[in-house]
Amino acid sequence: MSQNPDPRFNYLRYATMMLYFFSSIAAIVFMTLAIIRSTFEAAYVYDVSGAFQVPNVALLALEVGTPIFSVMFDAVVILGIQLMLNRIYIMNVLKSSVVIVLMVTILAVELAQKPNNPFSSATELAFVGSGVVAIVFNGLAMLTSLVARNLERKMYG
């Protein structure tokens, strides 16, 4: 058991916390755009045709629920890393994996559909971009968590 901790360990802990923080920001932007896009689509269809359109509730639930799940667990993970809780790295990897799979699913469904209103077309780049940024930050945070866990094992056994 080493008495002097590796200084890289603290850098990795703080890097992981910052990556999760930026992941949360991207997830909030993604969720906000999803809600606005869905609302605008229904309003646009009503203005053009006079018909009421119900948004794809399952997709909207994924678009809103995934960022909420991500932000909630980002807070738990950041607190767990700060408190040096055991097994927090396993939770990091599980949380990031689930968020990445859900975000890829959402983006695949969204990109498979052709936007049927001008607002969706105009915001598609920002919407997809914020989803990709959330995926990248979750992936990087997962990698730094794994490296930090390996360093922790070497330091403390």
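Start with the lining of the largest pocket: its residues divide into 10 nonpolar, 6 polar and 6 charged (Ala, Val, Leu, Ile, Met, Phe, Trp, Tyr, Cys and Pro count as nonpolar, Asp, Glu, Lys and Arg as charged, the others, Gly among them, as polar). You are looking at a predicted model, where local features need pLDDT of at least 70, side-chain atom pairs count only at pLDDT 80 or more, and totals for chains, interfaces and linings use all residues. Residues are numbered from 1 along each chain as its sequence is written, and side-chain values use heavy atoms, leaving out hydrogens and water.

Now select Arg37, Glu41, Leu59, Glu110 and Gln113, the closest to the pocket's centre among its 22 lining residues. A pocket here is an open set of points on a 1 Å grid over the protein atoms alone, where a 1.4 Å probe fits, with protein on both sides within 12 Å along at least five of seven lines; lining residues have an atom within 4 Å of a point.

Stay with Glu110 and Arg37, whose side chains form a salt bridge (3.4 Å, N to O); the term asks for a side-chain nitrogen of Lys or Arg within 4 Å of a carboxyl oxygen of Asp or Glu. Both Glu110 and Arg37 are buried, meaning under 20% relative accessible area with a 1.4 Å probe, protein chains only.

Next, show Lys95 and Asp74: another salt bridge, with the closest N and O atoms 2.5 Å apart. Lys95 counts as buried at 3% relative accessibility, and Asp74 at 1%.

Finally, pick Leu107 and find Phe30, Val128, Gly131, Val132 and Ile135 touching it, not counting residues up to four places away in sequence (contact: heavy atoms within 4.5 Å).

Note on methods. Buried means under 20% relative accessible area, exposed over 50%, partly exposed in between (1.4 Å probe, protein chains only).
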